[in-house]
Amino acid sequence: MIGSILVGLVALIHLYIVYLEMVLWDTPRGHKTFRLTPEFAGASKVLAANQGLYNGFLAAGLIWGLYLGAAGFQIKVFFLACVAIAGLYGAATVGRKILYIQTVPAVLALIAVWLGW
């Protein structure tokens, strides 16, 4: 139960990231969230949308695993591991904040799912 709640939370975080990257990137909210200048946001809008799409795939995989219930164990583990690894890479290359927003929730969910909580 706890594992499913945490997986759902990670999926929701990624759906919000999709919205930020695909819809709000070139807005004052996107500029503030990602610390962008309006010029850079405009020039990188297509790249951000592509990145958002990938985050959407991560969320879809987690939702698929939740939908399958106990049969989705391997799917949840796979997608949570992908989120955690992507978060580690982002924290190392972009900023430490990603570690707390993306990696920590994914690792906590992974532990809970693995332990059958």
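Q: What kind of model is it, and which pLDDT cut-offs apply?
A: The model is predicted: local features need pLDDT of at least 70, side-chain atom pairs count only at pLDDT 80 or more, and totals for chains, interfaces and linings use all residues. Residues are numbered from 1 along each chain as its sequence is written, and side-chain values use heavy atoms, with hydrogens and water left out.

Q: Start with α4. Which residues does it cover, and what span should it have?
A: Helix α4 is residues 45–68; helices (H or I, at least four residues) are DSSP runs, numbered from the N terminus. Its 24 residues should span 34 Å at 1.5 Å a residue, and the end C-alpha atoms are 35 Å apart, which agrees. The expected span is 1.5 Å times one less than the number of residues.

Q: Which residues of α4 are buried?
A: Ala48, Gly52, Asn55, Leu58, Ala59, Gly61, Leu62 and Gly65. Buried means under 20% relative accessible area, exposed over 50%, and partly exposed in between (1.4 Å probe, protein chains only).

Q: And what covers them?
A: The cover includes α1 (2–22) and α5 (73–93).

Q: Where else is phi positive, in a residue other than glycine?
A: At Arg35, where phi is near 55 degrees. Arg35 sits in the loop between α2 (28–34) and α3 (38–43).

Q: Is Arg35 buried or exposed?
A: Exposed, because its relative accessible area is 69%.

Q: How far does α1 reach?
A: From first C-alpha to last, the 21 residues of α1 reach 30 Å, close to the 30 Å expected at 1.5 Å a residue. Among its buried residues are Val7, Val10, His14 and Glu21. The buried residues of α1 pack against α2, α4, α5 and α6.

Q: Which residues touch the most other members of the largest nonpolar core?
A: Val7, Val10, Leu62, Leu80 and Val83, in a core of 14 residues. α1, α4, α5 and α6 (97–114) each give two or more residues to this core, and α5 gives the most, with 6. A nonpolar core is a set of buried Ala, Val, Leu, Ile, Met, Phe, Trp, Tyr and Cys residues joined through side-chain atoms within 4.5 Å.

Q: What does Leu80 touch?
A: Not counting residues up to four places away in sequence, Leu80 touches Val7, Val10, Leu62, Ala106, Ala109, Leu110 and Val113. Contact means heavy atoms within 4.5 Å.

Q: Where is Ala106, and what does it touch?
A: Ala106 is in helix α6 and counts as buried, because its relative accessibility is 0%. Leaving out residues up to four places away in sequence, Ala106 touches Val10, Leu80, Val83 and Ala84.

Q: Now the surface. Which residues make the nonpolar patch?
A: Ile2, Phe73, Tyr100, Val104, Val107, Leu108, Ile111, Trp114, Leu115 and Trp117 make a patch of about 1,000 Å². The largest share, 6 residues, comes from α6. Accessible areas come from the Shrake-Rupley method with a 1.4 Å probe.

Q: How exposed is Phe73?
A: Phe73 is partly exposed, with a relative accessible area of 32%. Its place is in helix α5.

Conventions. Patches are made of residues with over 30% relative accessible area and no salt bridge: like charges are joined within 9 Å, nonpolar side chains (Val, Leu, Ile, Met, Phe, Trp, Tyr) within 5 Å. A salt bridge is a side-chain nitrogen of Lys or Arg within 4 Å of a carboxyl oxygen of Asp or Glu.
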